[in-house]
Amino acid sequence: MKNLISMRDLSKKEILYFMEIAKKIEKGDLNPDMDKKLAALLFFEPSTRTHFSFATAMKKIGGQTITMRGTSSSSVKKGETFADTLQTIAQYAEIIIMRSPIEGAARYASEVVDVPVVNAGDGANQHPTQALLDLYSIIKTQGTLENLTIGVAGDLRFGRTVHSLVQALSEFNPRFKFISPSFLKMPTYILDDLNEKNIKFEELTEIYEKIDELDILYVTRIQKERFADLEDYEKVKGSYILERSMLKGVKENFKVMHPLPRVDEISTDVDNTEFAYYFPQAKNGVYMRQAIITILLGGVK
Amino acid sequence: MKQLKVDAIKKGTVIDHIPAGKGMQVADIINISGENIVMIGISLNSKKVGKKDIIKIENRELSQEEINSIALIAPSATITIIKDFDVIRKAKAEIPELIEGLILCPNPKCITNSEKIKTKFMVTDEKPLQVRCHYCEKKYLVDEVKIKI
């Protein structure tokens with residue numbers, strides 16, 4: 001595998017391979033040595049967390065990073081084509097990790113340069129490293145990815161994280177509960193895909209509904225800006241906030257996940273329950289990104 | 001009543017059985033401006049399909065690429081190459097698995113709309129014809145996309 005651009009490109013076998021390598025790195029059974037390797041982190045859109053996670057991952061496997069942020073610090077402003085910018089950077093770094101608001105930017109980059117490219121998010125399209133770290137968190141807490149009941153709550157319409165996750169989980173015979181306000185429902189093209197694959201799902205409007213059936217509840221933020229009318233926001237807001245009191249009767253193996261940053265969709269009193277898993281999830285992100293970089297740089301013998 | 005007739009052509013291409021209303025769009029994608037005589041019939045009666053559009057172009061043989069792009073918007077069209085008033089070849093419009101450089105991506109945030117890149121679309125469904133952008137991965141019905149001229 002040379003690049004990581006989209007979950008759509010990955011087979012079930014490849015997904016499981018990423019899980020295996022991340023686990024070996026976490027356990028210390030694999031100690032990648034990326035000494036003298038340089039990762040170029042191109043962040044054409046701000047994302048402190050993803051940037052931090054990648055930089056940490058690269059440093060933990062002995063590599064180094066350089067960062068380019070925004071479009072203003074690059075030559076893009078001077079009229080240089082995107083292809084030229086990329087080809088120049090590819091002369092310096094062994095791997096390019098890229099976040100962009102432009103959809104398809106990472107795919108295009110992988111066609112322009114010879115070094116491996118990792119998509120760290122391209123607009124509303126894909127965020128495959130997040131999907132892989134989410135899967136890694138699920139497999140760690142549930143022991144398997146197969147036959148799980150997964151609740152996904154929040155902004156299901158615009159959230160690329162949940163789209164990638166649902167796509168990726170579809171390989172593993174899940175049952176989904178989609179919880180969102182009606183105008184932020186999962187897009188039809190994703191539901192069509194699920195129907196085609198005979199995957200069971202139901203659409204709910206309250207976060208606590210059927211919570212006792214779930215193995216995982218994946219919560220995402222509902223952005224105020226999505227609402228045309230702020231009054232509507234205030235009305236539905238409460239239906240998507242997870243409170244500690246709702247956790248009575250959940251399954252023993254139940255875990256709450258969140259890609260972070262959280263605003264108020266998970267009440268802080270959930271944090272010190274055994275069900276909260278969003279901070280360990282962030283840590284898993286570093287192991288998974290260490291694995292991704294190592295695999296793409298040919299560091300697994 | 002006198003029957004009006006579209007003239008037969010001596011040499012060139014006839015695109016027949018275009019769904020009524022799609023004729024001008026077909027004319028657009030094959031770029032009919034130039035010196036050749038072109039006849040376009042709109043909403044003609046057809047025994048086969050009820051109403052149809054038809055285009056006759058003199059002295060020009062369409063390339064396979066042009067024929068394939070016609071298939072995108074008028075899959076039912078029949079294309080015949082004429083020489084000396086005789087049919088010398090019936091061309092078959094085929095929808096390829098990968099459509100390169102023909103479709104403009106409707107997604108304003110797609111990289112193909114900000115960089116000079118040849119677009120690539122994979123056909124994901126034939127009926128109705130659906131395509132997915134290789135770059136932004138969005139799926140569209142062919143009726144929703146713009147065909148490049």
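This is a predicted model: local features need pLDDT of at least 70, side-chain atom pairs count only at pLDDT 80 or more; totals for chains, interfaces and linings use all residues.

Me: Are helix 1 and helix 5 of chain A roughly parallel or roughly perpendicular to each other?

Reply: Two packed helices are described by the angle between their axes and the distance between the axes. Here the axes are 10 Å apart and the angle is about 70°. Angles of 65 to 115 degrees count as roughly perpendicular. So helix 1 of chain A and helix 5 of chain A are roughly perpendicular.

Me: And is that crossing left-handed or right-handed?

Reply: For this one, compare how the two helices are turned where they cross. The crossing of helix 1 and helix 5 of chain A is right-handed.

Me: Helix 5 of chain A also packs on helix 6 (residues 160–169) of chain A. What is the orientation of that pair?

Reply: The angle between helix 5 and helix 6 of chain A is about 55°, and their axes lie 9 Å apart. The crossing is right-handed. With that angle, helix 5 of chain A is therefore oblique to helix 6 of chain A.

Me: How many charged residues are in the contact of helix 5 with helix 6 of chain A?

Reply: Helix 5 of chain A brings Pro128(A), Gln130(A), Ala131(A), Asp134(A) and Leu135(A), and helix 6 of chain A brings Thr161(A), Ser164(A), Leu165(A) and Ala168(A). Split by class, that contact has five nonpolar and three polar residues. The number of charged ones is one.

Me: Let's zoom out. What radius of gyration does chain A have?

Reply: Chain A comes to nine helices and nine strands, and its C-alpha trace spans about 55 × 45 × 40 Å along the principal axes. A compact globule with 301 residues would have a radius of gyration near 19 Å, so the value for chain A agrees with that: 19 Å.

Me: How far apart are the centres of domain 1 and domain 2 of chain A?

Reply: Chain A is divided into domain 1 (7–126 + 283–296) and domain 2 (129–281). Notice that domain 1 of chain A is written as two stretches. Taken over C-alpha atoms, the centres of the two domains are separated by 26 Å.

Me: Which element gives the most to the side of domain 1 of chain A that touches domain 2 of chain A?

Reply: The contact takes 20 residues from domain 1 of chain A and 20 residues from domain 2 of chain A. On the domain 1 side, the elements giving two or more residues are helix 1 (12–27), strand 4 (117–122) and helix 9 (278–296) of chain A. By class, that side has 11 nonpolar, four polar and five charged residues. The biggest giver, with seven residues, is helix 9 of chain A.

Me: What about chain B: which helix gives the largest share of the side of domain 1 that touches domain 2?

Reply: Chain B is divided into domain 1 (12–91) and domain 2 (98–147), and their C-alpha centres lie 24 Å apart. The contact takes five residues from domain 1 of chain B and four residues from domain 2 of chain B. Three residues on the domain 1 side come from helix 2 (residues 64–73) of chain B.

Me: How many charged residues does chain B have on the side that touches chain A?

Reply: The contact takes 12 residues from chain B and 15 residues from chain A. On the chain B side, five are nonpolar and three polar. The charged ones number four.

Technical notes:
Residues are numbered from 1 along each chain as its sequence is written. Chains are lettered from A and ligands numbered from 1 in the order in which they are written. Two residues are in contact if their C-beta atoms, placed from the backbone, lie within 7 Å. Ala, Val, Leu, Ile, Met, Phe, Trp, Tyr, Cys and Pro count as nonpolar, Asp, Glu, Lys and Arg as charged, and the others, Gly among them, as polar. Domain bounds come from an automatic or database domain assignment. Helices (H or I, at least four residues) and strands (E, at least two) are DSSP runs, numbered from the N terminus. Axes are lines fitted to C-alpha atoms, for helices over the stretch in contact, and angles run from 0 to 180 degrees between N-to-C directions. Angles under 35 degrees count as roughly parallel, over 145 as roughly antiparallel, 65 to 115 as roughly perpendicular and the rest as oblique. A crossing is left-handed if the near helix is turned anticlockwise from the far one by less than a right angle, and right-handed if clockwise. The radius of gyration is taken over C-alpha atoms; the globule rule is 2.2 Å times the number of residues to the power 0.38.
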